[in-house]
Amino acid sequence: MVTLRHELSVRTRITLLAGAVMAALCLVVCVFILMGAHDRAMDDRTDSILRAELHVARHISRNQLPAVLPDHGIAALQVVDARGDLVAANMRMIGQPRMASFAPPDDSLRTDRIVCTVPGLGKSCVIVVAIRVAGAGGDWIVYGADPVVPWYIGPSVVLTLLAGSALLICATAIGAYRTVSKTLDPVDDIVAELAEITSTDLGRRVPVPDHHDEIRKLAETANLTLERLEAAVEQQRRFASDASHDLRSPITAIRTQLEAAMLHPDEADWTAMAQALLASLDRLEAIVVDLLVLARLDAGAQCDGDRVDLRELVRSELERRAPKARVVTDLGPEAIVDGDRLQLGRLLTNLLDNAARHADSTVAISVRRKGEEAVLEVNDDGPGISPDQREFVFQRFTRLDAARSKDMGGTGLGLAIAREIAERHGGSLTIEDSEKGARFVLKIPVAPADQAP
């Protein structure tokens, strides 16, 4: 049953639900209608018996009671005199004993009961009404009886209620199906469009309905998702293209050098050849390492919850580095942040490597705390980066046309990795104005005071 329900469409489920709710409502209404109509029919049946008995009472009061009474439209009539003798009855009850032994109480002229054992009337239950009438010798009792009204009142009533309920249920089901279908038509269009979209045509978008409802929000969300997917796929394509180019370059250089040496092995300088090959392999290794770092970052690698003092991070990094340019430091008060020490170290290394490659003579490093942020700046005195290129350099495998792009030691991934690490730590990495060279500014929220070491 559960499996069948899960296999039904939304239209069918809602149609069945609407039909079931209407059926339950019709059932409740029909029950109330039958109860009310049954009570009314019983009252009418009792009134009919009472009217017939009043006709008989009139004959008693005039002393003109016939032995055989007319039916007056009811099943049974009997008259018992003051001595308790049965003195008159309708044709059906001639020769039958008294239909009832009860009589109205002394303070009442009428009483009625439902009796199911009346001789001459079969085994069906009847309404017996007894009235007290003044006659010769005392009070006489007139009994009248008629079959009780069945719970369904009559076939015509049942058929009418069933027909009306069936019409209401059908109308509700059809209305629900059409309403749901009209509502879900845009969803079908969205599903059809999404089914046709492939990786080669991500520029397509699903249709957006005119109505400002949940379906429109679904379409807009789907289009936003497609936009992000298109951007991600395009980024991956560019990344794959750039990566293949950058990996091919050192491999091609190695192959060319080896082929040239193999053509004239006696004339080749194998020591120089080995050094050139090692340089190409170093570059190839650096590209592969950076690609692995980016892959881990893209996969959402978790950051360790270390507490890192950016001042100590700068000092330890400078102590282990072989100086390629003069380094000037300005390390202010402690600037402790929550993050991954290894990732933040990689970020600083990439900034320092970039600055050292492009500095004319000096690299300046400063650390300070500004409000609730720790700020680290790396500034070189090289040719700098024009404002319109400052975001471009953070893209993967970026190569500028200016003098800074003559980057023989870089992989084109260092700054992209640095920004990715900064953002994963809730911070930012930007290039800001400086008197000379490029000034990289890292901002990361400081650790709360109760977590500081």
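## Terms and model

Two strands pair if DSSP finds at least two bridges between them. Strands (E, at least two residues) and helices (H or I, at least four) are DSSP runs, numbered from the N terminus.

This is a predicted model, in which local features need pLDDT of at least 70 and side-chain atom pairs count only at pLDDT 80 or more, while totals for chains, interfaces and linings use all residues. Residues are numbered from 1 along each chain as its sequence is written, and side-chain values use heavy atoms, with hydrogens and water left out.

Strand β6 covers residues 138-147.

Strand β5 (residues 126-135) runs antiparallel to β6, and 10 bridges join the two. Within this pairing, Arg132 has Ile141 of β6 as its bridge partner. Two residues lie between the strands of the β5 and β6 hairpin, where Gly137 takes a positive phi near 85°. Strand β2 (residues 76-80) is also antiparallel to β6, joined to it by five bridges. Here Val80 stands opposite Ile141.

A salt bridge is counted when a side-chain nitrogen of Lys or Arg is within 4 Å of a carboxyl oxygen of Asp or Glu. The whole structure holds 23 of them.

One of these joins the side chains of Arg132 and Asp139, at 3.6 Å from N to O. Arg132 is buried, at 19% relative accessible area, whereas Asp139 is partly exposed, at 41%.

Arg255 and Glu259 form a salt bridge with an N to O distance of 3.0 Å. Both belong to helix α4 (residues 214-263); they are four residues apart, so about one helical turn separates them. Arg255 is exposed, with 56% relative accessible area, and Glu259 is partly exposed, with 42%.

In the salt bridge of Arg439 with Glu432, the closest N and O atoms are 3.4 Å apart. Arg439 counts as buried at 17% relative accessibility, while Glu432 counts as partly exposed at 25%.

This pair belongs to a network of salt bridges that links Arg368, Glu377, Glu432 and Arg439.

Notes. Buried < 20%, exposed > 50% of the residue type's maximum accessible area, 1.4 Å probe, protein only.
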